[in-house]
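Colleague: I am new to reading models like this one. Please take me through it step by step.

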Amino acid sequence: MERGGVERRRGRRIMIEAPLLVRRVSEGEPEPFVEQMTKNISLAGICFETSEGRYAVNDLLTASVSIPEPQRRNFPFTR
């Protein structure tokens, strides 16, 4: 994430906890969505943590984020 206190990613990230529905994309029967919470969000992606070991590096995921109404003013990516 941060190295030497300098943000290395291209996109600006907003530290915001928001409800997240996520599931792995797979062939055949779709997996159910799992509820998580975001740690931070940018236009390029979502950061969240899970201790379940459900996902692996390079898994393709589908995600849906819902920014709560009180936080929308603080979230610069909404219009």
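Modeller: Start with two terms. Helices (H or I, at least four residues) and strands (E, at least two) are DSSP runs, numbered from the N terminus. Two strands pair if DSSP finds at least two bridges between them. This is a predicted model: local features need pLDDT of at least 70, side-chain atom pairs count only at pLDDT 80 or more, and totals for chains, interfaces and linings use all residues. Residues are numbered from 1 along each chain as its sequence is written, and side-chain values use heavy atoms, with hydrogens and water left out.

Colleague: Which residue in S5 is the bridge partner of Thr 38?

Modeller: Strand S4 covers residues 34-42 and strand S5 covers residues 45-48. They pair in the antiparallel sense over four bridges. Two residues lie between them in a hairpin. Ser 42 stands opposite Gly 45, and the partner of Thr 38 is Phe 48.

Colleague: Which strands stand at the edges of the sheet?

Modeller: The sheet is open, has four strands and pairs in the antiparallel sense. Its order is S5-S4-S3-S6. Each edge strand has a single partner, so one side of it is left without a neighbour in the sheet; these strands are S5 and S6.

Colleague: What is the average twist from one strand to the next?

Modeller: Axes are lines fitted to C-alpha atoms, for helices over the stretch in contact, and angles run from 0 to 180 degrees between N-to-C directions. From one strand to the next, the twist averages 50 degrees.

Colleague: Is the aromatic pair of Phe 48 and Tyr 55 stacked or edge-to-face?

Modeller: The structure holds one aromatic pair. Rings of Phe, Tyr and Trp (its six-membered ring) pair if their centres lie within 6.5 Å; planes under 30 degrees apart count as stacked, over 60 as edge-to-face and the rest as tilted. Here the centres are 6.1 Å apart and the planes stand at 80 degrees, so the pair is edge-to-face.

Colleague: Is Gln 36 buried or exposed?

Modeller: Gln 36 lies in strand S4. Its contacts (heavy atoms within 4.5 Å) include Leu 20, Val 22 and Phe 48, not counting residues up to four places away in sequence. Buried means under 20% relative accessible area, exposed over 50%, partly exposed in between (1.4 Å probe, protein chains only). Gln 36 has 12%, so it is buried.

Colleague: Where is Asn 58?

Modeller: Asn 58 has a positive phi of about 75 degrees although it is not a glycine. Most residues other than glycine have a negative phi. Asn 58 is exposed, at 77% relative accessible area. Its place is in the loop between S5 and strand S6 (61-65).
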